[in-house]
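Please examine the sequence and the structure below before reading on.

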Amino acid sequence: MFGESVTNEVVKESADLTGKARKDGTLAVGATGILNTSKVGATVKPNNFYGG
Amino acid sequence: MAGNKYIKKARAFSFKDIMAQYGEIKRKYNKVQVSAHKGKVEIFIQLQPTAESPMYTIKIVTKEWEPAVNVFVVEPDISKYARCKDNKIPHTYLDGSICLYLPNHNEWSYHDSWAETLIPWTCLWLYYFEIWLMTGEWLGGGVHPGDSETTTNN
């Protein structure tokens, strides 16, 4: 139970960092699809997910 | 009338347009395959949003002379997760395709490179999908139909 909550916090921290990189325009996707902040591959352009 | 017909055609993909998009995807991503039958084209790409993620097979579907491009997660079967979580995966359409951008807000147009828009957004969608599976929360922002459609991208 405790472990699950800690894991969720770590995951959310990672999501926050990804969100910040996305906002800053420094998030990219490499040839295998891996997200990175090393500007390897295509930069992730601004978008809004849509739908229910 | 002829003008309307021209506009309709100009906003749809020719087979050559689709193959040009496929060519760019093939150059930029490692595992890409295509199948075409009677003007319908399916592009399959294997993507892994993080080093810990499974390998996902994505299918981009379009048809000659149609403006729509739909993106599906083919493998693993993510629909099974919907049954565990309120029967709905966030930011998906009824046909199971994933909702990558806000329509009618100039986020995407048929001129755009699929390799530089749809595929990076798909990787991002998969990343947030995995977090949703773990935490129950969609942390990728977005807009739901009926919202005021104020953009909320992170």
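## Terms and basis of the model

A nonpolar core is a set of buried Ala, Val, Leu, Ile, Met, Phe, Trp, Tyr and Cys residues joined through side-chain atoms within 4.5 Å. Buried means under 20% relative accessible area, exposed means over 50%, and partly exposed lies in between (1.4 Å probe, protein chains only).

The model is predicted, so that local features need pLDDT of at least 70 and side-chain atom pairs count only at pLDDT 80 or more, while totals for chains, interfaces and linings use all residues. Residues are numbered from 1 along each chain as its sequence is written, chains are lettered from A and ligands numbered from 1 in the order in which they are written, and side-chain values use heavy atoms, with hydrogens and water left out.

## The nonpolar core

The largest nonpolar core has 48 residues, and those with the most contacts inside it are B:I25, B:Y29, B:W114 and B:W125. At least two residues of this core come from each of the following: α1 (2–24) of chain A, and α2, β2, β3, β4 and α4 of chain B. The largest share, twelve residues, is supplied by α4(B). In soluble globular proteins, nonpolar side chains tend to be buried together.

Contact here means heavy atoms within 4.5 Å. With its neighbours within four places in sequence left aside, B:Y29 is in contact with residues of chain A, namely A:V29, A:G30, A:A31 and A:A42, and with B:I45, B:L47, B:A115, B:I119 and B:P120 of chain B.

## Overview of chain B

Helices (H or I, at least four residues) and strands (E, at least two) are DSSP runs, numbered from the N terminus. Chain B has four helices and four strands, and from the N terminus on its elements follow the pattern α-α-β-β-β-β-α-α.

Of the 154 residues of chain B, 45% count as buried. The accessible surface of chain B comes to about 8400 Å², and 51% of it belongs to carbon and sulfur atoms; such areas come from the Shrake-Rupley method with a 1.4 Å probe, and for residues only the protein chains shown count as cover. Among contacts in chain B with a separation of 6 or more, 48% are between residues 24 or more positions apart.

## The sheet of chain B

Two strands pair if DSSP finds at least two bridges between them. Strands of a sheet pair through backbone hydrogen bonds, either parallel or antiparallel. In chain B, four strands form an open sheet in the order β1-β2-β3-β4, with antiparallel pairing. Because β1 (32–37) and β4 (69–75) of chain B stand at the edges, each has a single partner strand and one side without a neighbour in the sheet. Neighbouring strands of this sheet are turned by 20° against each other on average, direction ignored; axes are lines fitted to C-alpha atoms, for helices over the stretch in contact, and angles run from 0 to 180 degrees between N-to-C directions.

Six bridges join β1(B) to β2(B), and one pair of bridge partners is B:A36 and B:V41. These strands form a hairpin with two residues between them, and B:K38 in the turn has a positive phi of about 50°. Strands β2 (residues 40–47) and β3 (residues 56–63) of chain B pair over eight bridges; B:V41 has B:T62 as its partner, and B:I45 stands opposite B:I58. Six bridges link β3(B) and β4(B), whose hairpin has five residues between the strands and includes B:W65 with a positive phi near 70°. Six of the eight residues of β3(B) are buried.

Helix α4 (residues 118–135) of chain B lies across β2, β3 and β4 of chain B and runs at about 135° to β3(B).

## The sheet of chain A

Chain A has an open sheet of three strands in the order β2-β1-β3, with antiparallel pairing. Two bridges join strand β1 (residues 28–29) of chain A to β3(A), where A:V29 stands opposite A:A42.

## Cysteines

B:C99 is buried, with a relative accessible area of 0%, and B:C123 is buried with a relative accessible area of 0%.
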